[in-house]
Structure formats: structure tokens, C-alpha cells
Amino acid sequence: MKIVYSFVIYIYWLLIWITHFFNKKAKLWIYGRKNFWSKVKLLTIPQNKKVVFIHVSSLGEFEQGRQLIEEIKKNFSNTYIVLTFFSPSGYEIRKNYQLADAILYLPLDTKSNAKKFYDIFRPNLVVFVKYDFWYHFIFEAYKRYVPIYLISAVFKKQDVFFKWYGRFFNEILKLFTKIYTQDEHSKFLLEKNNINAVIAGDTRCDRVIEISKTASVPHEIEDLIKDRKVVVAGSVWLNDIKVIKNVIRQHNQIFWILVPHDISICNINRIIHELKISAIKYSELKSNDSEMYYTNVLIIDNVGMLSSLYKIAHVAYIGGGFNKGIHNILEPTVFGIPVIFGKKYHKFNEAIDMIQINAAFFIENENDANKIFNELLNNNSYREIAGIKAKKYIESKAGATKHIINDLNKFLS
């Protein structure tokens, strides 16, 4: 299986190399790893510090591990953090993140690359976030007796690790010193397969709680809202807009803040065309422009504002549920508001949990959207109770980062 795995890795690289001639993301993947070892040689790795190697797949996993990184830096000043990304969509956005000492693409998962990487950095501790199980980089740590942890992990019964044909991948999990799971079911599946696991919770809950403490909304947006109820639709795709556009048109007394996943001019123009009502972009806001007070739709055309905007929302809609899967629903719930999202939510434990307690609601079509939005926007008591349940859910899941830090203390002190 190791030979087959290595062969598949090279085939995977070849496919990306072919694709990079006409795909922007693949091109970034290839060129981001170009001259990798030359770039590494330029780094100054202090001999008197403990090296922590943290790997994340993309942006979502970075946000999941970010609170742990910041707690490590805050509590252990003698650490040197090497942060690697697999995906360009994560690396390109966070390549200048200040609390990591070295930010790199993870090299292709080959035996020689893993050996060279560990020879150079000589990590004292390795952390993988949620998934992205690269065998050679995991085994090399195991072989060198370097403690290796997996945090915020979620496993399902149907995962390849627990199938009769997934023995090789099951063995990868056994290489981890400890796996911190988000839930009881994941822990049960691992322990059933003789894999060391403990429930710690979801580190994202700690992260969103921390973010909420400093959330602020630009005054020009607050001036625009006045005393209207607010719905923030975060990380929305065109498919989301197609489902909720009639709700937006009907509820013209509500102030709608739309935050597209893709903020390119072309995509924003497509959204405006789909809505067929007047909307203003954030970049066009002028405090002395009286005409802007007649619109009830604001489109945010920048990055980094979304998590704070939920602070002023009465209801949140989370995009992605009519594409590959929903985006982060924890960011709005920390402010005690109910969330609505599309039908592709089943991979996310928090979505399933919150639906069960009536703190979150999923829609499959326009009729569902009309019904649920109407109920939440017109029934204040119903909306407020759902929001209280959402906030309590987040608070009940907090503390994962502290739990993990306490365990890692023996390696970092």
C-alpha cells in the first residue's frame, strides 16, 4: 500500500501540473512550491527555541487552528512556529500572518521531502488540524519519536478509515500520539479501532468567542441601518441569491447586508442583476450622499468585515449550502442570533446539532426560504429564543484550546 500510495501522489502531482496551464488555483499550487528548499535555506531557525510544526489544509482549517497558535505564542515565548498550507486558497490569504515564524506550502508528500523537511526544522512537536493526513509527513514524525497531535477532528462511520479496504489509512491514525475530537461519536469510532482519542471540542468556538469581543461595525453602516431589522447573508454564492432573492424583494422594510464569497466586480454585478432591485456597494458609501438612505440592500465588496457585521444582525443566512457545503455558522451564532442555510450541511456537526435544538434552520428551495424568514423576522419571541439557544450552544462547546494547551505544556515549557 505504501508503494501504491506513493505512486498515486506522483500521479496527483502530474495532474495538477497539467491543469496549471489553464487553472489559476493549480498554477498557484505549482509555483508556490517552486524553489521550496531554496526558500527554506533563507530562514533563520533559532537553536534555542522549540519548533512547533503546524499543518492546515486551507483557510478554514487555519481558522480552526489559529486560536491554538495564538495561545502557544502567548504562553510559550520560546517557540518557533512553522505553519504549512496545502491549498493556495489558504496560503495566499494568510501568508503574512504575523504569529507564525515561517509560513510555507507543504511540499509534495514523498518520503524524501518529509525526511529533508524534518532534518531542517527538527520540530519538537507536530500538530495537524482536523484532517489532511499526509502519510510520509506523519510517519517521519512518528519514526523520530516526535509527538504528533490531531486537533478538532471529526469522523463519520462511512469514512474510509473504518472500511475493510481502508486499513492503510486506519494505520495512519494510529501514528498520532493523541487525537482530539470535536464529539463523542468520533471518539467512539477511534477507540473502537484502538486509536488514542479524547473529546476536546471545536477550537473554532474559542476563536469566534475571541473575535466577538473586539467586533466593531463601521459608523457609515450603522447610520444607514437606522432602526431597521438587519439580515446578514455571509459568504453567499449566486446559487444562494437565486433561492433567497424573493425574500429580499418582499421584505423591503428589512436592511439586507450581502457578503459574497467571491467579491470580484463580475460576480457582484451578477448578484445585482439577479436581485433586480437597487443595491449599493460598501465601497460606494458616502456619508453625505442622501440617496443611499433609500436602499435596503448593501453589498460588501471587501474582505475581513463579515464576522463583525453579525454583531448588528437579527438573523444570519450562511452561504454555500447550494454549492459544495455551508460556510462558517459559528461566527454569527456567538452573537446570539439564529442562522439559516442551504441543504448541504450534513458534513458539519454544529449545523446538525443546532437544527436539532431549533437554533438553526435549513432550506431546500424558495418556498422554504419564504416560510422560515417570515417566521423569524415577524415573530420576535420565536427569533429571540432561537438566538439564545444558538449562543448557549457556542458557550457549551468552548474550552477546547485550553484543554489542548494544558496537554502540550509538557512539550513546550
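Mentor: Sorted by class, the residues that line the largest cavity are three nonpolar, two polar and five charged. Please keep in mind that this is a predicted model.

Trainee: Okay, and which residues line the largest cavity?

Mentor: The charged ones include Asp-183, Asp-202, Glu-350, Asp-353 and Lys-397, and the lining also has Gln-182, Cys-205, Leu-330, Asn-349 and Tyr-393. Helix H16, which covers residues 349–356, gives the largest share of this lining, with three residues.

Trainee: How much space lies in the largest cavity?

Mentor: The space in the largest cavity comes to about 90 Å³.

Trainee: What lines the second largest cavity?

Mentor: Its lining is made up of Ile-9, Tyr-12, Trp-29, Phe-86, Leu-106, Pro-107, Leu-108, Asp-109 and Trp-134. By class, eight residues of the lining of the second largest cavity are nonpolar, none is polar and one is charged.

Trainee: Let's switch to helices. At what angle do H1 and H2 pack?

Mentor: Helix H1, residues 2–19, packs with helix H2, residues 24–32, at an angle of about 120°, and their axes are 8 Å apart. H1 and H2 are therefore oblique to each other, and H1 passes H2 in a left-handed crossing.

Trainee: Which residues make that contact between H1 and H2?

Mentor: From H1 the contact uses Tyr-12, Trp-13, Ile-16, Trp-17 and Thr-19, while H2 brings in Ala-26, Trp-29 and Ile-30. Seven residues of this contact of H1 with H2 are nonpolar, one is polar and none is charged. Tyr-12 and Trp-29 belong to this contact, and Tyr-12 and Trp-29 also line the second largest cavity.

Trainee: What about H12 and H13, how far apart are their axes?

Mentor: The axes of helix H12, residues 238–250, and helix H13, residues 265–275, are 9 Å apart, and the two helices pack at an angle of about 40°. That angle makes H12 oblique to H13, and H12 passes H13 in a right-handed crossing.

Trainee: Who's touching whom there?

Mentor: On the H12 side the contact is made by Leu-238, Ile-241, Lys-242, Lys-245, Ile-248 and Arg-249, and on the H13 side by Arg-270, Ile-271, Glu-274 and Leu-275. The contact of H12 with H13 has five nonpolar residues, no polar residues and five charged residues.

Definitions and conventions: Residues numbered from 1 in each chain as written. Predicted model: local features only at pLDDT ≥ 70, side-chain atom pairs only at ≥ 80, totals over all residues. Heavy atoms only, no water. Axes fitted to C-alpha atoms, helices over the stretch in contact; angles between N-to-C directions. Helix = DSSP H or I, 4+ residues; strand = E, 2+ residues; numbered from the N terminus. Parallel < 35°, antiparallel > 145°, perpendicular 65-115°, else oblique. Left-handed = near helix turned anticlockwise from the far one by under 90°. Contact = heavy atoms within 4.5 Å. Nonpolar A, V, L, I, M, F, W, Y, C, P; charged D, E, K, R; others polar. 1 Å grid on protein atoms, 1.4 Å probe; cavity = no way out; pocket = protein on both sides within 12 Å on 5 of 7 lines; lining within 4 Å. Points joined across faces, edges and corners; volume = space filled by probe spheres on them.
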